[in-house]
Amino acid sequence: NSPAPLPERAIYGFALFLGSWFGFILYLIWAFIPETWLFALGLTYWPQKYWAVALPAYLLVAIGIGYILLFGINMMSTAPLNSTDTITDNYAKKQQQKKFQEEAIPALRDIPISEVNRMFFLPEK
Amino acid sequence: MEERPYRSASGAPIALRRRQHSASCRELAVRCPRLQLRSLSAVTSAVWLAAYGLFVLSENSMVLSAAVFITLIGLIIYLHFVKIDQESLLVIGSLGIQVTSSYASGKESTTFIEMSQVKDVVINEAIHMQKVIYYVCILLQDPGDPQGVSEVVPLFQALLWGKRKCG
């Protein structure tokens, strides 16, 4: 899964490049060429030109709202100050105690908040 | 009994009073500064000037009366529901913990937590808006699980919400 350049990726990239240019030219043709000329060519069943302006406007407004929405979703997902999610979670509750071995670094574990507080704030006299 | 001045996280000068009533009974009270005259004048002037501006534009005198009412009722609601005067914690050794909040309008709201429900009192850190804040809270025991915590009760709420409730 490395990001190195590969022949297949070069082909995908070129196909996307051509496709996006084609789409852009098509959009410009649809937006600018008068309807009568398009009818003369036989292309009658294309969407209304109103959408050539409406869709970019919708897109820009959606991007603007997206910033605010993301901020709001973040605020909603943050645990409130009175919830137990600020102290523990399912993983910490179900963790198993590993046996203490001499001369070895103690195993990694979630330390309960009471123990942390005792160590930080209650000095051993 | 001693009372010491401190500064809250938002910069307001607060006072912490500690009293030892008896061997197993202690009281801690945090007192917030009173409503400042300058902020009250600033808000009232802003609202009334805005209302006067609207009156000049719309020629409707109801705007002025509405502004006066809004200011009065807003002030009463703020003093009664938001602005905290003092928060105190009464710890009675074998009985429990009582938390009292007194508001600027004189209202007092009290909560009592039995000692058998209290698992521990800790300083917890949590994310609030864009900051990490440290606050004292009581951990309540989960009746089914001796290691578990059923609820977290933050203390001294006035200090958490900064300038709005305290200062």
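Start by selecting residues 9-121 of chain A: this span is 65% helix and 0% strand, and its end C-alpha atoms are 57 Å apart. UniProt positions follow the numbering used here, feature names are shortened, and annotations may be inferred rather than shown by experiment.

This is a predicted model, in which local features need pLDDT of at least 70 and side-chain atom pairs count only at pLDDT 80 or more, while totals for chains, interfaces and linings use all residues. Residues are numbered from 1 along each chain as its sequence is written, chains are lettered from A and ligands numbered from 1 in the order in which they are written, and side-chain values use heavy atoms, with hydrogens and water left out.

**Chain A as a whole**

The C-alpha atoms fill a box of roughly 95 × 45 × 25 Å along the principal axes. Chain A has a radius of gyration of 30 Å, whereas a compact globule of 125 residues would have one near 14 Å. That radius is taken over C-alpha atoms, and the globule rule is 2.2 Å times the number of residues to the power 0.38.

Colour chain A by accessibility next. Of its 125 residues, 9% are buried; buried means under 20% relative accessible area, exposed over 50%, and partly exposed in between (1.4 Å probe, protein chains only). Among contacts between residues at least 6 apart in sequence, 9% join residues at least 24 apart, a contact being heavy atoms within 4.5 Å.

**Two annotated spans**

Select residues 12-33 and then 53-73 of chain A, both listed by UniProt as "transmembrane region" in an unreviewed entry. Residues 12-33 are 95% helix and 0% strand, with end C-alpha atoms 31 Å apart. Residues 53-73 are 100% helix and 0% strand, and their end C-alpha atoms lie 30 Å apart.

**Two residues with positive phi**

Most residues other than glycine have a negative phi. Go to A:E103, in the loop between α4 (90-94) and α5 (113-121) of chain A. A:E103 is not a glycine, yet its phi is positive, about 65°. With 82% relative accessibility, A:E103 counts as exposed.

Move to chain B and pick B:M129, in the loop between β7 (118-128) and β8 (131-141). Phi of B:M129 is also a positive value, near 60°, in a residue other than glycine. B:M129 counts as exposed, at 55% relative accessibility.

**Two buried stops in chain B**

Select B:S8, in the loop between β1 (2-7) and β2 (13-22) of chain B. B:S8 counts as buried because its relative accessibility is 11%. Not counting residues up to four places away in sequence, B:S8 touches B:I14 and B:L159.

End at B:L160, in helix α3 (residues 157-160) of chain B. B:L160 is buried, with a relative accessible area of 13%. Which residues is B:L160 in contact with, leaving aside its neighbours within four places in sequence? They are A:L81, B:I133, B:Y135 and B:P154. Display B:I133 alongside B:L160: the two are 27 residues apart in sequence and 8.0 Å apart in space, C-alpha to C-alpha.

Definitions and conventions
Helix = DSSP H or I, 4+ residues; strand = E, 2+ residues; numbered from the N terminus.
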